[in-house]
Amino acid sequence: MQQSQPVANAWRILFLLFLANLFNFFDRSIPAIIIEPIRLEWSLSDFQLGLIGTAFTIVYAVAGVPLGRMADTGSRRKIMGWGLTVWSGLTAVNGLAWNFWSFLLVRMGVGIGEASYAPAANSLIGDLFPAHKRARAMGIFMLGLPLGLLLAFFTIGAMVKAFDSWRAPFFIAAVPGLILALFMFFIKEPKRGGAEAVQVAIEPVRQ
């Protein structure tokens, strides 16, 4: 048995996936951080504030099942590229919301876009790295979660203060996501199952 090696450019692709994961969690954190200015502008109740997060979570969970199925059989780079485009574009649209319901509906759309990412990215990592390096690769990928949250909590308040508007972070956050989406479409996908260990045929020694 011979251990297979990561495919060419696997670590570069992983870094791209890490960055997209970072902004995935950055974008979804924005409403929770700037919820008070939104409450004041539209005179929202506690129920309405809770509904924003609840609706996002439900849509994210439900949409993840069929999108995961698509990642099993379809082009993962296209799923991630279009998912990034959708959630980043709708994040910007969130900054244009004119009332609670428009904000809520757009947020649900963001949830669908973000639900496309994790299944496709995990599947891709499984084919980029062999078993003995896969846990390390997944650890790097998942590092985007805490770093995305950390970046959000340290920068979003400053954005609101600098532009004197709770809408500014939505517009700013959309830019890196749309740029990363372009790079996703140029990923060269590895063969499914190609990173698994391969059997080496040994010819018998002739006497």
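Start at the largest pocket of this predicted model: its lining divides into 6 nonpolar, 1 polar and 2 charged residues.

**Stop 1: the pocket.** Select Ala8, Asn9, Arg12, Ile13, Leu16, Phe183, Phe186, Ile187 and Lys188; these residues line the pocket. Its volume is about 150 Å³. Which helix gives the largest share of the lining? Helix 1 does, with 3 residues. Rolling a probe the size of a water molecule over the atoms shows where empty space is left.

Stop 2: Now select helix 1, residues 10–33. The largest nonpolar core has 49 residues, and helix 1 gives the most to this core, with 11 residues. Colour Leu17, Phe26, Ile34, Met80, Phe103, Tyr117 and Met184 next. They have the most contacts inside the core.

**Stop 3: Phe26.** Centre on Phe26. What does Phe26 touch, leaving aside its neighbours within four places in sequence? Its contacts are Gly148, Leu151, Ala152, Thr155, Ile156, Met159 and Ala173.

**Stop 4: helix 9.** Ala173 belongs to the next selection, helix 9. Take residues 168–184. The helix has 17 residues and reaches 26 Å from its first C-alpha to its last. That is close to the 24 Å expected at 1.5 Å a residue. Show the side chains and pick out the buried residues: Ala168, Pro169, Phe170, Ala173, Ala174, Gly177, Leu180, Ala181 and Met184. An α-helix has 3.6 residues a turn, so residues three or four places apart point the same way.

Conventions: Residues are numbered from 1 along each chain as its sequence is written. This is a predicted model: local features need pLDDT of at least 70, side-chain atom pairs count only at pLDDT 80 or more; totals for chains, interfaces and linings use all residues. Side-chain values use heavy atoms; hydrogens and water are left out. A nonpolar core is a set of buried Ala, Val, Leu, Ile, Met, Phe, Trp, Tyr and Cys residues joined through side-chain atoms within 4.5 Å. Buried means under 20% relative accessible area, exposed over 50%, partly exposed in between (1.4 Å probe, protein chains only). Helices (H or I, at least four residues) and strands (E, at least two) are DSSP runs, numbered from the N terminus. Contact means heavy atoms within 4.5 Å. On a 1 Å grid over the protein atoms alone, a cavity is a set of points where a 1.4 Å probe fits but cannot get out, and a pocket is an open set with protein on both sides within 12 Å along at least five of seven lines; lining residues have an atom within 4 Å of a point. Grid points are joined across faces, edges and corners, and a volume is the space filled by probe spheres set on the points. Ala, Val, Leu, Ile, Met, Phe, Trp, Tyr, Cys and Pro count as nonpolar, Asp, Glu, Lys and Arg as charged, and the others, Gly among them, as polar. The expected span of a helix is 1.5 Å times one less than its number of residues.
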